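Dear colleague,

I am handing over the structure below, and my notes on what was found in it follow. Please read them alongside the coordinates.

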Amino acid sequence: GSLLSAGSTNILYKIIDHPIVEADVSGKSELIVTTTPGSPRDITLPTVGTTGAATCIITVVVSADATGTQSVRVMNGGSEAWTGYQKGDFVKFCVSNGAWLVLDHKETYYSRFYLTANQLLAASASTLLSGWTEVSDIGNMWYSVGNEIVTPTNMTGFLDVSFSLAKNETYAGTNPALKLDDVWLANWDQGGHSTDGYVTNTGMCGGIYPVTSAQELEFWGVNNDSDTTRTVTGAIVSATYFNAKFTRTH
C-alpha cells in the first residue's frame, strides 16, 4: 500500500471515458468520479494490484440524466460491473478477497406505458396486448417489436410490476395477466358465463418477482366471457397501463 497523503479523498469530474489509474487512487482513502452519460460513458476500474487500489474506496456517480440509449458504465477489465442512467445513480466499490466488491449502489430502471388504443378480446381468449405509448422509459427495458419488457442482459434482480386493465363495458369479464418467458406469472382465470356477462374479474395485477438476464415480460388481456367479445380501454394514460421497475442485485 501507500501512505495516505494530505487530502485523502480525490474527486474527479469526467466528460469522456476514463480508465482509473494509479495516480487517481495512490495515497487516497476514497476516489469519487462524477461523470456525464455517453453512448456509453465508460469508467474503468484499475486492476486490484494497482498501487493504492486495495485501500481506496471508489465511487462513480452519474451527474446528469441520460437520454435515448445513453448510460454510464463501470467496467472491470472487459466486463460491465455496473450501469447507471439518471442523475444521482451511483455505485461504490472496494477490494475484498482479491477482487472488486460492490458495497452500495443505486441505478434507475423504470418503464411506464399506456395502451395506445382500444383493443378487442375475443370470447374465451387470452390476448397479448399490443401498441403502447411511452410515458417514461429509463434504462431501455422496453422492446416495442415484442410489446414486452426485457430485463437487462447479464443482470439479476427483482422486477416490481403493476398492471391495470380498464374496460368500458358493464360486467365485462376481463382481467389483466402477465407472462414471463411464456409462462403465466399472474392470471386469475375464473372461467366464464355463457350469456349473462356477469363474470367475476380483476382490474389490476402485479407483484415483485425475482428475474434473471434478458427475461421477457408480456402484458395480456383475458376474456372469461365465453360468448361475447369484450373491449379493453386504451388511449388514456390512466386506463390500461403498466409500471415496471427493475432493482439489480450483485
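**Pocket, sheet and backbone**

The largest pocket has a volume of about 300 Å³, where a volume is the space filled by probe spheres set on grid points that are joined across faces, edges and corners. Of its 16 lining residues, those closest to the centre are Thr-83, Tyr-85, Pro-152, Thr-153 and Met-155. A pocket here is an open set of points on a 1 Å grid over the protein atoms alone, where a 1.4 Å probe fits, with protein on both sides within 12 Å along at least five of seven lines, and lining residues have an atom within 4 Å of a point. By class, the lining has 6 nonpolar, 8 polar and 2 charged residues (Ala, Val, Leu, Ile, Met, Phe, Trp, Tyr, Cys and Pro count as nonpolar, Asp, Glu, Lys and Arg as charged, and the others, Gly among them, as polar).

This is a predicted model, in which local features need pLDDT of at least 70 and side-chain atom pairs count only at pLDDT 80 or more, while totals for chains, interfaces and linings use all residues. Residues are numbered from 1 along each chain as its sequence is written, and side-chain values use heavy atoms, with hydrogens and water left out.

Ile-149 lies in strand S15 (residues 148-150), strands being DSSP runs of E of at least two residues, numbered from the N terminus. Leaving aside residues up to four places away in sequence, Ile-149 touches, among others, Trp-142, Leu-217, Phe-219 and Phe-242, a contact meaning heavy atoms within 4.5 Å.

An open sheet of 4 strands has the order S2-S4-S6-S7, with mixed pairing, and its edge strands are S2 (18-19) and S7 (79-84), each of which pairs on one side only. Two strands pair if DSSP finds at least two bridges between them; S4 and S6 (residues 72-76) run parallel and are joined by 4 bridges, with Arg-41 opposite Val-72 in S6.

Turning to the backbone, most residues other than glycine have a negative phi, and most peptide bonds are trans. The bond from Ser-39 to Pro-40 is cis, with omega near -10°, and Pro-40 is found in the loop between S3 (30-35) and S4 (41-44). Phi is positive at Asp-181, near 50°, and at Asp-182, near 70°.

Best regards
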